[in-house]
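Q: I am new to this structure and would like to learn how to read its features one by one. Could we begin with polar contacts and go on from there?

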Amino acid sequence: MSAQGTPSATGKTTGTPKGAWTVTFLLFLFMVVNFADKIVVGLAGVPIMTDLKLDAEQFGLLGSSFFFLFSISAIVVGFIVNKVPTRWVLLTLAVIWALAQFPMVGSVSFTTLLICRVVLGAGEGPAFSVAAHAIYKWFPDEKRTLPTAILSQGSAFGVILAVPALNWVIVNHSWHYAFGALGIAGLIWVCAWLTFGKEGPLEDTQALASTEPKIPYVQLLTSRTFLGCVIATFGAYWALSLGLTWFTPFIVKGLGFSQSQAGFVSILPWVFGATIVILTGWISQVMMARGYTTRISRGVLGSVPLIIGGLILSTMPHVQGAGLQIALLVVGSGLCGAIYVVCPPMLGEFTPASQRGAVLAIYGALYTLSGIIAPNVMGTVIQRAGNMVDGYMTGFTINAVVMVGSGVIGLLLLWPNTEKARLTRRATLQAAALKGAVSPT
């Protein structure tokens, strides 16, 4: 197959255009910066709590504040990218991220820190959905799982690469400078994107809007696969948001590690999660090439690890030893990564390209609501527990229940291949009925 996109029998462009993997790599780096921005508060949690004299509930609120405008901005920007090139939207988001970091370099109050995290969350809310929408303009449907996995991998590498570097800054200098370093990294990405970032050639969203059949948003958003993706990823993101906010404080205050040791331990879930993400993307694409339906190669493949991860996490309160508890937490939470790889391509299967940006954004806005809830729940549970470690264990048990429940629901609802046929048939019938109603008789 040629490296350039070629027309298929259906009139759509197939193949992977030249430059697709360059853009994929840049968007991978985009997600690296995105998750480095997310992890810094959790990584610096103990110094921040000490310097600003915060209790567990206040720190839980700080962790949740990142998500206050996260979902709203994701939805708004999702509709914007249906009409505006993703190249400029991504650039704007990255500029916001960088500028939101610099106020923390100097002396800062809890209120200022809270406001900056809210602004940062508003800028980062649309990030993954807009990046996925941008990538899908470079790859046809049957080749989207692996690029999606690479994009998702940016989250893991954002933590793996950032944690040792940021922790060194925190230990040897100050947590304030860690925020400044992230601001500089954001500006460097902006320069790279201005130089090399391009809009994908496989889809012209504005042209498609006037030619392809539209499916009412109410049908797309109430389809069982959309609901299954939201619910399953909600459970996975519960674990992720706890990892971002509470993993390092648990290692330091709950298990007695030093800040330096905790920096290295904190990357373990992300290393394991990165392996799961790449394996899922590769296995899914191989299964599709061998003729498996997307129900199996995407829906089942994403849901089952979520259930298994929750069951593993549920055993944490019943074992002794820091090493074993860390291992269970790493494996249980790391298995969640599979669902992030398969859900965006599943939604892309049955969503018209001219509506895909909004649907992916609404999906992201809904599942990330768990980011508001989970850190706050953990903080409240720890604050009210008689013993700090018991509080952490109760919080992780709640996490396990959420993961298992959301994984089971996802397993029951994720049927993208039949969803596509059903929604397309309905849209065709509605278009035919409308045409008959307006035609002269």
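A: A polar contact is a pair of N or O atoms within 3.5 Å; within protein, one atom must be able to donate a hydrogen and the other to accept it, and residues adjacent in sequence count only if both atoms are side-chain atoms. Here, a polar atom of the side chain of arginine 295 lies 2.8 Å from the backbone oxygen of leucine 414, and a polar atom of that side chain lies 2.7 Å from the backbone oxygen of leucine 411. Please keep in mind that this is a predicted model, in which local features need pLDDT of at least 70 and side-chain atom pairs count only at pLDDT 80 or more, while totals for chains, interfaces and linings use all residues. Residues are numbered from 1 along each chain as its sequence is written, and side-chain values use heavy atoms, with hydrogens and water left out.

Q: Which helix holds arginine 295?

A: Helices are DSSP runs (H or I, at least four residues), numbered from the N terminus, and arginine 295 is found in helix H15, residues 294-313.

Q: What is the nearest side chain of opposite charge to arginine 295, and how far away is it?

A: Lys and Arg count as positive and Asp and Glu as negative, whereas His and the chain ends are not counted. A salt bridge is a side-chain nitrogen of Lys or Arg within 4 Å of a carboxyl oxygen of Asp or Glu, and buried means under 20% relative accessible area, exposed over 50%, and partly exposed in between, with a 1.4 Å probe and protein chains only. Arginine 295 is buried yet has no salt bridge, and the nearest side chain of opposite charge, glutamate 419, is 9.7 Å away.

Q: Which residue does glutamate 419 meet in a salt bridge?

A: Glutamate 419 meets arginine 422, at 2.4 Å from N to O. The two are 3 residues apart in helix H21 (residues 416-438), and are therefore separated by about one helical turn. Glutamate 419 is buried, with a relative accessible area of 1%, whereas arginine 422 is partly exposed, at 28%.

Q: How many salt bridges does the structure hold?

A: The structure holds 4 salt bridges. One of them joins glutamate 349 to arginine 298, with the closest N and O atoms 2.9 Å apart. Glutamate 349 lies in helix H17 (residues 337-350) and arginine 298 in helix H15, so this pair ties together parts that are 51 residues apart in sequence. Glutamate 349 and arginine 298 are both buried.
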